[in-house]
Amino acid sequence: MSKHQEAVREHRDTEALLAVLDAADRLPSAARLRDRSYELLSLVPGSTVVDVGCGGGRAVAELAERGVHAVGVDPGPEMLAAARGRWPGAEFREAGAEDLPFADGSVRGYRADKVFHVLREPGRAVTEARRVLGPGGRIVLVGQDWDAIMIDSADAELTRTIVHARADLLGTPRAGRQYRGLLLDGGFDDVTVEAHTSVFTDPAMLSLLTRLAEPACASGAVDRARTDEWLAEQRRRAETGRFLVAIPFFVAAASVPA
């Protein structure tokens, strides 16, 4: 594949991912979850808060509106370009969660939303968060449990196969349920964990199920015919108002010892 073809594919993948994220972010439950994450950061006006894996940059803009110096960090140039186009007044930097572009103890707040499940070694990211956060700093982690996604379907067995097969392709699909242990092992205090379940009935979220089923099919866990049959059933459900997906999200928060 040529570099041009790779760039085109990356652009399309980024746009497809942003479409899914945008559809989810517009839902009231997603807005409430973001608000809760900001509340748990215990924001201090004028302090620096980093949003790791910032994606399209919505949280960075919302944090800035709350009076902090918000910085979005993401390893993807295409995603950062989209974020800068959407929020031209916001600050974004290219970096991964394991190597942040901040001095030791220079950050007051750290937020990572739907990030740790793609990391092979989330413990390294927690260590890096501990490095950049100053005494009394706050960390908030938000993420879904990929093994626990619930989808209404006539074929429960096939649905379980697709969900678990897709989860197994991720770096750390069960990172959400591991947040507490990761934060304790990373030297954080006052660790709290909440669970929030988001229910999606909007047909716009059909693209999420495609992003579940197609990789499961490509991995060989489900054949092409059964994948197509399952997706067709979900489209029929969407057309008749019977579409439903429920996703549990873990929200963990902790403090750096003062």
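Predicted model: local features only at pLDDT ≥ 70, side-chain atom pairs only at ≥ 80, totals over all residues.

Q: What makes strand 7 and strand 8 a pair?
A: Two strands pair if DSSP finds at least two bridges between them. Strand 7 (residues 189–200) and strand 8 are joined by 10 bridges and run antiparallel, so they pass that cut-off. The strands themselves are DSSP runs of E, at least two residues long, while helices are runs of H or I with at least four, all numbered from the N terminus.

Q: How do you know that strand 6 pairs with strand 8?
A: Strand 6 (residues 150–151) has two bridges to strand 8, again antiparallel. One partner of isoleucine 151 is named too: valine 245 in strand 8.

Q: What else does strand 8 pair with, and in which sense?
A: Strand 5, in the antiparallel sense, over seven bridges. There isoleucine 139 stands opposite alanine 254. Strand 5 is also joined to strand 4 by six bridges, and those two run parallel; aspartate 113 has valine 142 in strand 5 as its bridge partner.

Q: Why is strand 8 called largely enclosed?
A: Because 10 of its 11 residues (245–255) are buried. Buried means under 20% relative accessible area, exposed over 50%, and partly exposed in between (1.4 Å probe, protein chains only). Strand 5 (residues 133–144) is largely enclosed by the rest of the structure as well, since 10 of its 12 residues are buried.

Q: What makes phenylalanine 116 and tyrosine 179 an edge-to-face pair?
A: Rings of Phe, Tyr and Trp (its six-membered ring) pair if their centres lie within 6.5 Å; planes under 30 degrees apart count as stacked, over 60 as edge-to-face and the rest as tilted. Here the centres are 6.1 Å apart and the planes are at 85 degrees, so edge-to-face it is. The pair links distant parts of the chain, 63 residues apart: phenylalanine 116 is in the loop between strand 4 and helix 5 (122–132), tyrosine 179 in helix 7 (residues 175–185).

Q: How do you know whether those two are buried or exposed?
A: Phenylalanine 116 has a relative accessible area of 1% and tyrosine 179 is at 2%, so both count as buried.

Q: What makes one side of helix 8 the buried one?
A: The buried residues of helix 8 are Leu208, Leu209, Leu212, Ala213, Ala216 and Cys217. They cover an arc of only 160 degrees around the axis (taken from the directions from the axis to the C-beta atoms), which puts them on the same side of helix 8. Isoleucine 162 is in contact with some of them, including Leu212, Ala213 and Ala216.

How values were computed: Residues numbered from 1 in each chain as written. Heavy atoms only, no water. Contact = heavy atoms within 4.5 Å. Lists of a residue's contacts leave out its neighbours within four places in sequence.
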